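The sequence and coordinates are shown first.

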Amino acid sequence: MLRRLLIFMTLIIHIPFQAQTQTNTVAFERFLSVGDQNGPDFTQTELSAQAHFNLGFSTMFLATSLGITESSNFTFYPEIGINDDALKKVYHVVNKPSFRFDISKNWHFTTQFISQLSATLTHNLVRDDFFLGGGLRIGYSWSTENGTKPSSLVIGTHYDIRTGKPEWLPYLAYRHQLSKQWHVLLGYPETAIDFRTGRYHIQLKAEHQGSYSNISDPFEVNGRWAEKILSSQINTTLGLGYALGPHWSAQLTLGFAVDPIYQLADHSNQIVFDYNIDPRPTWAMGLKYRFNKTKTTAK
C-alpha cells in the first residue's frame with residue numbers, strides 16, 4: 001500500500017488536463033550549507049517540477065509541484081553515540097497539488113494538499129516515512145492604473161513542517177507590482193522583492209524552511225531513542241537569474257541561514273539531542289527549463 005502511495009505521489013503531475021498559460025518548469029539545483037566546529041555541514045541535490053492545468057471550467061484550476069531531493073549530512077559527533085551511517089543520507093519526495101476556484105472576478109479560494117516521503121531509507125518503507133498535510137487560503141485581487149499594477153492579498157492556514165515538526169501555521173501573502181520591472185511579496189512563510197530586466201532576474205528573499213524526517217534505523221543517544229530529524233531555518237538569500245535562451249535559465253543564490261535548528265527526537269517529537277547550530281552562509285546554483293514559449297527573460 002505504501003509503495004502504491006509513493007507511485008501515486010510521483011505520477012500525479014502527469015494528469016492530462018489542459019495546460020493553462022502559467023509557466024510549467026523543470027529545475028535542477030545543488031545546495032550547500034557549510035558549518036563550523038559547532039555543527040554539521042549539509043549538501044542537497046534537488047530535481048523539481050511545476051505544472052498548471054485547467055480543469056475544464058473557466059473558474060477551476062490545478063497547480064502541482066513535485067520535488068525529489070537527496071540531502072547529505074556530515075561532520076557528526078560519534079563520541080556521543082550518534083550513528084553516522086543512519087543520518088548521512090536523507091531522501092525527500094514532496095508533491096503539493098493545489099486547487100483554485102474563482103468565486104468572483106476578485107475573490108478566489110484555494111485548497112492545497114501535501115504528500116511527502118521524508119526518511120533515511122536504510123530499510124523498507126514504513127508508515128512513519130510519510131507526512132500528509134495541507135491548507136486553505138482565500139484571496140482578493142485588484143489592480144490600479146488601468147490594470148497595469150495588479151495586487152493581491154491571500155490569507156489562510158497550513159498544516160505543515162516548516163518549524164521542523166507537523167503543526168498548523170498561518171499563511172499570508174500580499175503581492176504588488178510596483179512597475180514593469182519591480183514586484184513585491186510580503187508575508188509568511190515568504191517575503192521577497194524581485195527585479196527583472198532583459199535577461200536578468202534579481203531577487204532578495206527571506207523564507208522559513210523546514211523538514212521532518214524519519215530515521216529508518218533508530219539508535220540510542222544518552223539512553224533515549226532517536227527516531228526523527230527536526231530541521232528548520234529562516235534562509236535569507238540574494239539570487240541572480242540569467243536567461244540562456246527562450247527556455248533555459250541559470251540561477252546562482254547566496255544566502256545566510258538565520259536561527260537554524262537541527263535536532264534528533266523520539267517518536268513523540270521530544271528532543272533527544274540538539275546540535276545547537278550557529279547561523280551560517282548558504283549557496284545554491286542550478287538550471288531551469290520552461291516549457292511555455294516566452295521572451296528571453298529570466299524567471
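## Terms and basis

Two strands are taken to pair if DSSP finds at least two bridges between them. Helices (H or I, at least four residues) and strands (E, at least two) are DSSP runs, numbered from the N terminus.

The model is predicted: local features need pLDDT of at least 70 and side-chain atom pairs count only at pLDDT 80 or more, while totals for chains, interfaces and linings use all residues. Residues are numbered from 1 along each chain as its sequence is written, and side-chain values use heavy atoms, with hydrogens and water left out.

## Overall composition

The secondary structure comprises two helices and 17 strands. Of the 299 residues, 42% are buried; here buried means under 20% relative accessible area, exposed means over 50%, and partly exposed lies in between (1.4 Å probe, protein chains only).

The accessible surface is about 16,000 Å², and carbon and sulfur atoms hold 60% of this area. Such areas come from the Shrake-Rupley method with a 1.4 Å probe; for residues, only the protein chains shown count as cover. Contact denotes heavy atoms within 4.5 Å. Among contacts between residues at least 6 apart in sequence, 58% join residues at least 24 apart.

## Strands β8, β9 and β10

Strand β8 (residues 130-144) pairs with strand β9 (residues 149-160) in the antiparallel sense over 11 bridges. Within this pairing, G135 has H158 of β9 as its bridge partner. Strand β9 also pairs with strand β10 (residues 167-177), again antiparallel, over 10 bridges, and Y171 in β10 is the bridge partner of G156.

A hairpin is formed by β9 and β10, with six residues between them; in its turn, G164 has a positive phi of about 100 degrees. The loop between β9 and β10 also holds R162, which is buried at a relative accessible area of 17%. Leaving aside neighbours within four places in sequence, the contacts of R162 include Y188, P189, E207 and H208.

R137 belongs to strand β8. The R137 side chain does make a polar contact with the side chain of H158, at 3.0 Å. A polar contact is a pair of N or O atoms within 3.5 Å; within protein, one must be able to donate a hydrogen and the other to accept it, and residues adjacent in sequence count only if both atoms are side-chain atoms.

L136 also lies in β8 and counts as partly exposed, because its relative accessibility is 47%. The C-alpha atoms of L136 and I155 are separated by 8.5 Å, although the two residues are 19 apart along the chain. I155 is among the contacts of L136 beyond four places in sequence, which also include F109 and T110.

## Backbone geometry

A cis peptide bond, with omega of about 20 degrees, joins Y188 and P189. P189 is located in the loop between β11 (182-188) and β12 (190-197).

Although not a glycine, D259 has a positive phi of about 50 degrees; D259 is found in strand β15 (residues 248-265). N269, also not a glycine, has a positive phi of about 70 degrees and lies in the loop between β15 and β16 (271-274).
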